[in-house]
Amino acid sequence: MIKKKKYDYFQTFQLMSEHACNAAMELMGEFKNYHPEGINVHLQKMHRLEKEADVRRFDIMQALAKDFRPPLEREDIVELSNALDDVVDMVEDISIGLYIYHVKEIPEIARAYSKVVLMCCDAVKEIMNEFEKLQYNDNIMSAIKRVNYLEEEGDTLFAKTTRELFSDESLDAISVIRWKSMYGRLEKACDACEKVGYLVESIILKQS
């Protein structure tokens with residue numbers, strides 16, 4: 001009798017982090033070379049990446065339902081897969097904001113913010129590549145510190161950009177509402193990445 005290969009949760013976590021990086025890269029590219037008339041093409045690309053992450057999460061849930069001895073506590077697997085899926089959702093949500101708020105052009109500071117989002121996602125990918133070892137080693141500690149630092153940089157950018165919005169009396173009310181929401185979406189993407197770092201740190205310390 002051929003023994004059935006055990007489901008690899010860690011590999012799927014890595015794939016989900018790659019989807020997040022791909023989404024963040026697509027977002028930054030859109031911010032860098034923004035053309036409002038091409039927004040639907042961009043949204044389709046982002047939606048495909050978001051659906052791919054959903055499929056990976058569903059695969060994990062299916063495997064977990066049948067697994068008598070998963071490598072981690074069930075609730076940790078569920079929470080981490082949800083958190084990784086949330087990262088992709090939050091990045092896609094930024095793109096959706098471009099559409100629903102009818103954004104015509106991207107300020108330079110927003111381009112810088114999109115780069116921070118990408119760097120946060122890269123740090124998450126680095127964390128997930130080390131996670132399988134279940135060791136609180138220098139590599140994973142460095143990646144967790146990196147995502148925490150980048151999230152703080154995102155917070156600083158959010159405060160700076162929001163203050164500038166409400167300080168610029170030449171801006172109309174619609175522009176203020178539009179970009180307050182857009183900057184909030186960028187901040188939430190960074191927050192979602194930081195949450196993954198905290199979860200991984202907690203899981204590894206429980207396994208130690």
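Predicted model: local features only at pLDDT ≥ 70, side-chain atom pairs only at ≥ 80, totals over all residues.

Biologist: How do α5 and α6 pack?
Modeller: Helix α5 (residues 138-167) and helix α6 (residues 173-207) have axes that come within 9 Å and cross at roughly 165°. Helices here are DSSP runs of H or I with at least four residues, numbered from the N terminus. The axes are lines fitted to C-alpha atoms over the stretch in contact, and angles run from 0 to 180 degrees between N-to-C directions.

Biologist: Parallel or antiparallel?
Modeller: α5 and α6 are roughly antiparallel. Angles over 145 degrees count as roughly antiparallel, under 35 as roughly parallel, 65 to 115 as roughly perpendicular and the rest as oblique.

Biologist: What residues make up that contact?
Modeller: The contact of α5 with α6 has 14 nonpolar, 6 polar and 7 charged residues. Nonpolar covers Ala, Val, Leu, Ile, Met, Phe, Trp, Tyr, Cys and Pro; charged covers Asp, Glu, Lys and Arg; the others, including Gly, are polar.

Biologist: And α3 against α6?
Modeller: Helix α3 (residues 74-100) packs on α6 at an angle of about 170°, with axes 9 Å apart. α3 and α6 are therefore roughly antiparallel. By class, their contact divides into 19 nonpolar, 1 polar and 7 charged residues.

Biologist: What about α4 and α6?
Modeller: Their axes are 10 Å apart and the packing angle is about 15°, so α4 and α6 are roughly parallel.

Biologist: How long is α6 from end to end?
Modeller: The end C-alpha atoms of α6 are 51 Å apart, which agrees with the 51 Å that its 35 residues should span at 1.5 Å a residue. The expected span is 1.5 Å times one less than the number of residues.

Biologist: And α1 and α3?
Modeller: Helix α1 (residues 9-32) has 24 residues that should span 34 Å, and its end C-alpha atoms are 35 Å apart, which agrees. α3 has 27 residues and reaches 38 Å from first C-alpha to last, close to the expected 39 Å.

Biologist: Switching to helix ends. What caps α6?
Modeller: Asp 172 caps the N-terminal end of α6, with a side-chain oxygen 3.1 Å from the backbone nitrogen of Ile 174. A polar contact is a pair of N or O atoms within 3.5 Å; within protein, one must be able to donate a hydrogen and the other to accept it, and residues adjacent in sequence count only if both atoms are side-chain atoms.

Biologist: What is at the start of α1?
Modeller: A side-chain oxygen of Asp 8 reaches to within 3.2 Å of the backbone nitrogen of Phe 10.

Biologist: How far is Asp 8 from Lys 32?
Modeller: They are 24 residues apart in sequence and 37 Å apart in space, C-alpha to C-alpha. Lys 32 lies in α1 and is exposed, with a relative accessible area of 60%. Exposed means over 50% relative accessible area, buried under 20% and partly exposed in between, using a 1.4 Å probe and protein chains only.

Biologist: Ser 114, buried or exposed?
Modeller: Ser 114 counts as buried, at 1% relative accessibility. Ser 114 sits in helix α4 (residues 108-131), and a polar atom of its side chain lies 2.7 Å from the backbone oxygen of Arg 111.

Biologist: Now the loops. What is the phi of His 102?
Modeller: Phi of His 102 is near 50°, a positive value in a residue other than glycine. Most residues other than glycine have a negative phi. His 102 is in the loop between α3 and α4.

Biologist: And Leu 134?
Modeller: Leu 134 has a positive phi of about 50° although it is not a glycine. Leu 134 lies in the loop between α4 and α5, and counts as partly exposed at 22% relative accessibility.

Key:
Residues numbered from 1 in each chain as written. Heavy atoms only, no water. Helix = DSSP H or I, 4+ residues; strand = E, 2+ residues; numbered from the N terminus.
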